[in-house]
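The following exercises are intended for a reader meeting this structure for the first time.

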Amino acid sequence: MLQDLALALRLQALDRKIVNLENEIATLPKHIAEIERKLESHTRRLEADRAALTANQRERKKLEGDIQTQEQKISKLRDQTLQAKTNEQYRAFQNEIAYAQGEIRKAEDRILDLMEQSEPLDKNVKAAEVELKRQQQHVEAEKKIARERTAADKEELQRTQAERDAIVAQMTPAFYRDYERIRKKTRNHPIADATDGRCDACMIALRPQFFQDLRRGDKIMFCESCGRILTYNPVVDVAADVAASHQTA
Ligand SMILES: [Zn+2]
């Protein structure tokens, strides 16, 4: 097999590996941003529950103050009742007392409602605090994994690039330029196999004469339809080559 072709097959395997590593390196920060967004939504929910609980407590405090005011008013009215000069005055004081007592009952009823509502709110806040803590730990663990993974990927990428450079150095420059041009056009799949008489990338059947020339294997040939570099019974197994590049990495 032509040396350039054998090198190109190894190069293609490395180029796919490089793309995968680059994709993974680019994906990890997005993954982190996504889990951080989830954490934010947990934080917001907790803040909403806390705000509801605070509002509930504030209203209760205000109502308790109102009750005190009404009680003071009642005791003042009772004193005034004792000094009433006429029946009208007396009834007027009694009415005011009854009104204040009604206000106190309303406030007490409302306080009971608020106490009932605060129980589940309090539970929500406590549960949300526990959940948030758990989520924060989860996010930290995920971030650590992502950082380690990224560092390992970057190292692996550097090693693979170096390996690639070494292969490129052995290739005929003109052929390498062809390889690069086709690689960019075919999204890292510049080589196709035509062992069974058709290009396995674009599926076109090769002309008999063209196929015979390819089988002779004395020159590099390109698919007349899609332009890919063609192999016939490649000696270098792509899968084995990928495995080998993993082992040396
Ligand atoms: Zn083709």
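**Exercise 1. The crossing of two helices**

The crossing of α1 and α2 is left-handed. The model examined here is a predicted one.

Task: Determine at what angle α1 and helix α2 pack, and how far apart their axes are.

Solution. Step one: helix α2 comprises residues 87–170, and its axis lies 4 Å from that of α1. Step two: the angle at which α1 and α2 pack is about 165°. Step three: angles over 145 degrees count as roughly antiparallel. The angle therefore makes α1 roughly antiparallel to α2.

**Exercise 2. The chain as a whole**

Task: State how many helices and strands the chain has, and what radius of gyration the chain has beside that of a compact globule of 249 residues.

Solution. Step one: the chain contains five helices and two strands. Step two: in sequence order, these elements give the pattern α-α-α-β-α-β-α. Step three: the radius of gyration of the chain is 41 Å, whereas a compact globule of 249 residues would have a value near 18 Å. Step four: along the principal axes, the C-alpha atoms fill a box of roughly 130 × 35 × 25 Å. Step five: 13% of the 249 residues count as buried. Step six: among contacts with a separation of 6 or more, 75% join residues 24 or more positions apart.

**Exercise 3. The largest nonpolar core**

Task: Identify which residues touch the most other members of the largest nonpolar core, and which element gives the most to this core.

Solution. Step one: the core has 19 residues, and those touching the most other members are A8, A192, A194, C199, I229 and L230. Step two: two or more residues come from each of α1 (3–82), α3 (173–185), β1 (191–193) and β2 (229–231). Step three: with seven residues, α1 gives the most to this core. Step four: apart from neighbours within four places in sequence, A194 has contacts with C199, D200, L206, L214, L230, T231 and Y232.

**Exercise 4. L5 and R177**

Task: Decide whether L5 is buried or exposed, and do likewise for R177, buried or exposed.

Solution. Step one: L5 lies in helix α1. Step two: a residue is buried if 20 or more other C-beta atoms lie within 10 Å of its own, and exposed if 12 or fewer do. L5 has 23 C-beta neighbours inside 10 Å and therefore counts as buried. Step three: beyond its neighbours within four places in sequence, L5 is in contact with I220 and T231. Step four: L5 and I229 are 224 residues apart in sequence, and their C-alpha atoms are 8.3 Å apart in space.

Step five: R177 belongs to helix α3. R177 has 11 C-beta neighbours inside 10 Å, so it counts as exposed. Step six: R177 and N233 are 56 residues apart in sequence, with 24 Å between their C-alpha atoms.

Terms used:
Residues numbered from 1 in each chain as written. Predicted model: local features only at pLDDT ≥ 70, side-chain atom pairs only at ≥ 80, totals over all residues. Rg over C-alpha atoms; globule rule 2.2 N^0.38 Å. Contact = placed C-beta atoms within 7 Å. Core = buried A, V, L, I, M, F, W, Y, C linked by C-beta atoms within 7 Å. Axes fitted to C-alpha atoms, helices over the stretch in contact; angles between N-to-C directions. Parallel < 35°, antiparallel > 145°, perpendicular 65-115°, else oblique. Left-handed = near helix turned anticlockwise from the far one by under 90°.
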